[in-house]
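Welcome! Here is a short tour for anyone meeting this structure for the first time. Take a look at the model, then read on.

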Amino acid sequence: MPLLLGTAFALIVAAVVGLGATWVALTRGTAYGGVSIGAWTAWPKNGTAGIDPYARAMVARTGELPVGSGDGVAFYAGTDDSGQVLDGRCDVLLGGITPQARFWTLTLYDSEGRLVANSAQRQGFTSQEIIRKADGSFEILVGPRARPGNWLPTGGIERYVLVLRLYDTPVGMATRSGREAPMPAISKGACL
Amino acid sequence: MIRVLLWLLGAVLLGGIVHLATVLLIPVMASQDAFARLSAFAPVNTVVAIPAPTPEKALMPFMDPAFVTSICRYDLSRGPLKLSVPISQAYTSVSFYTRSDVAYYAINDRAAGRRVIELDLMTAAQRADLPENEEITAADRLIVASPTTTGLIVIRALVPEPGWISAARNALAAAQCRPQ
C-alpha cells in the first residue's frame with residue numbers, strides 16, 4: 001500500500017512540476033540567448049537552424065514564423081527604458097537612430113501579436129515613411145491621441161509591444177552592445 | 001520522513017523529464033503552428049499570395065504589415081523544385097522554413113545580386129544524386145538543401161510607402177515555384 005500511494009503521489013507531483021514548468025517557460029518565459037540593447041531584445045538565433053528547443057516550442061505554440069537571419073532581425077520592446085510596461089493609455093516617445101540596415105519597420109502589436117485597430121489605420125512605420133530631423137535622427141510619438149509628426153496610435157489598449165525589424169543588416173548574433181547597434185530610446189510621458 | 005523525501009525527489013526528477021519531453025514534443029504535435037495554418041490555405045508546390053494582416057484577421061501573429069507576402073508550400077518527395085522570384089523595387093527576401101517552422105535559410109535581393117532570385121531546392125539526398133559535371137556547368141546555380149521533405153518558402157516584398165504596393169504585388173505575382 002505505501003508503494004502504491006508513493007507511486008501515485010510521485011506521478012501527480014511529476015505531472016504538475018513537468019507540465020507546470022513547460023507552461024511557465026512557454027507563456028511567461030523570456031527565451032535565453034537574446035541580444036538586449038536598452039529596452040529592446042532580439043533573438044537572432046531563432047532565425048537560424050540553431051534555434052533552441054524552447055524557442056521552437058514557443059514558435060509552434062504561437063504560430064508565428066521567425067524572421068530568417070539572412071533576411072533581417074526583429075527587436076521587441078514591451079517596456080520603456082526604465083522598465084515600465086508600455087501602456088497604450090500613455091504617451092511614449094521613441095527617439096534616436098537605428099542600427100545600420102537597408103530598411104527598417106516599426107510595428108505596434110498587442111501582447112498576442114495582433115495589430116491594433118485605430119482611427120488613423122496606422123499600425124507602424126517604415127524607414128522611408130518617417131519624418132526625420134536634419135541630423136537624420138527621428139522621434140515617434142506613440143500614444144492614444146493624434147499628434148503632429150510621426151504619430152503611432154495605440155488605440156488606447158492596455159499593453160502593447162513594439163517591434164523594430166531591421167532588414168538587410170549586419171546586426172545579428174555577433175552583435176553585443178548598443179555601440180554597434182544604436183537603438184532608439186523609449187521614454188514615457190503623460191497618461192490619459 | 002526520509003521515505004517521503006525520496007519519493008519527492010523521484011517525483012521532481014520525473015517532473016523534469018516530463019518538462020523536457022513536452023518541450024521537445026510540442027513542435028511535433030502542434031496543430032496551430034505556422035505550417036498548419038498555411039497548409040490549410042496553400043496548395044502544394046505553387047506560389048500563392050497570402051492576405052496582409054489586419055487588426056481583425058491575420059494568418060499568423062507578429063506578421064510585418066509593411067510587406068506583401070506569398071508562400072510556396074513545398075513537397076520534394078517527387079523531385080527538386082525550381083524557384084524564381086523577380087525582385088521588387090525596394091526590398092525582396094525569400095526565407096525557407098522546415099516542416100516544423102525552423103528558418104534554415106534566407107536570402108535577400110542584394111545577396112542574390114540579380115534582377116531575379118533563382119534557385120533550386122532539393123533534399124540532401126537529391127543533391128547527392130546530382131551528376132557531378134552538371135554541378136560544375138551550373139556553377140552559378142544556387143542550390144538550397146532542405147532538411148525536411150516538406151516545408152515552406154516565404155517570399156516577401158517590402159512596401160516602403162503605400163504607393164508602392166501594386167509594384168510589390170506585381171513582382172510577387174510573377175514568382176514561381178515548380179517541380180523541375
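Predicted model: local features only at pLDDT ≥ 70, side-chain atom pairs only at ≥ 80, totals over all residues.

Let's begin with helix α6 of chain B, which spans residues 165-173 and has A168(B), A171(B) and L172(B) as buried residues. Looking down the axis of α6(B), you would find its buried residues within an arc of 95°, so they line one face of the helix. An α-helix has 3.6 residues a turn, so residues three or four places apart point the same way.

On the other side of α6(B) sit R169(B), N170(B) and A173(B), which are exposed. The cover over the buried residues of α6(B) includes three strands of chain B: β2 (67-75), β3 (81-86) and β8 (150-158).

Two helices each supply at least two of its residues: α1 (2-27) of chain A and α1 (2-29) of chain B. The one that gives the most is α1(B), with seven residues.

With a relative accessible area of 55%, L6(B) is exposed.

## Salt bridges between and within chains

Over all chains, the structure holds 13 salt bridges. One of them pairs R156(B) with D71(A), with the closest N and O atoms 2.9 Å apart. R156(B) belongs to strand β8 of chain B, while D71(A) is in the loop between α2 (53-62) and β3 (72-77) of chain A, so this pair joins two chains. Both partners are buried: R156(B) has a relative accessible area of 12%, and D71(A) has 2%.

Another salt bridge links D91(A) and R145(A), whose closest N and O atoms are 3.5 Å apart. D91(A) is in strand β4 and R145(A) in the loop between β7 (138-143) and β8 (151-153), so the pair ties together parts of chain A that are 54 residues apart in sequence. Here D91(A) is buried at 9%, whereas R145(A) is partly exposed at 35%.

## A proline in a loop

Our last stop is P182(A), in the loop between β9 (160-167) and β10 (185-191) of chain A. Its relative accessibility is 26%, so P182(A) counts as partly exposed. Leaving aside residues up to four places away in sequence, P182(A) touches I97(A), T98(A) and P99(A).

Terms used:
Residues numbered from 1 in each chain as written. Chains lettered and ligands numbered in written order. Heavy atoms only, no water. Buried < 20%, exposed > 50% of the residue type's maximum accessible area, 1.4 Å probe, protein only. Helix = DSSP H or I, 4+ residues; strand = E, 2+ residues; numbered from the N terminus. Arc of directions from axis to C-beta. Contact = heavy atoms within 4.5 Å. Salt bridge = Lys/Arg side-chain N within 4 Å of Asp/Glu carboxyl O.
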